[in-house]
Amino acid sequence: MTFKAKKSFGGLYGIIAGILVFGFSFWGIGYSLGPDDKALKVLLYIPAYLFLVVYIYLVLGALRLKYVVNDDNFLLIWGVAQKHIAWDEIDEIVQIEGKSNLFPFLSMTWPGYVVGLFQLKGVGPVRMYGTHAKDGFLYLKTQRGFLGITPQDDKLAKLIAEKTGKEVQILDMDTIPVEVKGHDMHTDRYFMLYTRINNVLLILFCLYVAIFFPRSNADPLIILLVVLAINLYLFNNANAKRLYQFSQQGGYFTLLIGMAVTGIFLILSIVQISFS
């Protein structure tokens, strides 16, 4: 019997975001660098294509995510990968409810999609394969790792319990004290403020260049600054979230660095475009 993850537009979002970010990045590198910059082009194209391959693999996972109950095992289908777990390898079945505090390690998330290794504060590590997990998911403790999945309803949990002969435990995250559960970055006003400022600065930078660059004689390298700003923004925000679980101040500082870099790029672009 096959079960789908909670409905989401995660796959579509990933496709659109990938086309915009990677498409603009490849175009921007080619446009801003001339024939004399072949070495720099290669240095930029190589990691870009490597990230593209990884990203396509992740998007395939978002488009093809299923949970299958067979007679002798539980099968997780994620993109081109499959994970088989025998019923006697499942030790506990836990239904996580309430607001989960998931901190990323090696993971990728965007609206409607969550995958990779996380630390579920107050509980333990979990490898997520799902869509919407913030308000609850099914946590399987197995001899082959701890899995987090997001089926559409509780039918899958009941069927797994029937196959394994184990009860479904309920864990309400809202009952776990903050000292154990940890601070949630999404409710931290400073973290969210710095995140929003980063967002605003990047949008202002992109809009300024889009409006004024075409009518100027500025150096095409301005476009490369936009490419770098977008990719540094994505990289920096991800690192801030990882660092936050170890040090709130470290997370703040990482976001402040991102603000400074984008701000410097914006100032350089204003000066270059205004006086060209």
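Residues are numbered from 1 along each chain as its sequence is written, and side-chain values use heavy atoms, with hydrogens and water left out. In this predicted model, local features need pLDDT of at least 70 and side-chain atom pairs count only at pLDDT 80 or more, whereas totals for chains, interfaces and linings use all residues.

The protein chain contains seven helices and 11 strands; these are DSSP runs numbered from the N terminus (helices H or I, at least four residues; strands E, at least two). Its C-alpha atoms fill a box of roughly 75 × 40 × 30 Å along the principal axes. Of the 276 residues in the protein chain, 44% are buried (under 20% relative accessible area; exposed is over 50%, partly exposed in between, with a 1.4 Å probe and protein chains only).

A nonpolar patch on the surface is formed by Ile-15, Ile-19, Ile-56, Tyr-57, Leu-60, Leu-63 and Val-80, with about 660 Å² of accessible area together. Helix H1 (10-32) and helix H2 (38-63) each give two or more residues to the nonpolar patch, and the largest share, four residues, comes from H2. Accessible areas come from the Shrake-Rupley method with a 1.4 Å probe, and for residues only the protein chains shown count as cover. Ile-19 lies in helix H1 and counts as exposed because its relative accessibility is 59%.

Strand S6 (residues 102-110) pairs with strand S7 (residues 113-120) in the antiparallel sense over seven bridges; pairing requires at least two DSSP bridges between two strands. Leu-102 has Leu-120 in S7 as its bridge partner. The hairpin of S6 and S7 has two residues between the strands, and Gly-112 in this hairpin takes a positive phi near 85 degrees.

Pro-151 is found in the loop between strand S10 (145-149) and helix H3 (155-164). Pro-151 counts as buried because its relative accessible area is 10%. The C-alpha atoms of Pro-151 and Gly-130 are separated by 7.9 Å, although these residues are 21 residues apart along the chain.

Note on methods: Patch = residues over 30% accessible without salt bridge, like charges linked within 9 Å, V, L, I, M, F, W, Y side chains within 5 Å. Salt bridge = Lys/Arg side-chain N within 4 Å of Asp/Glu carboxyl O.
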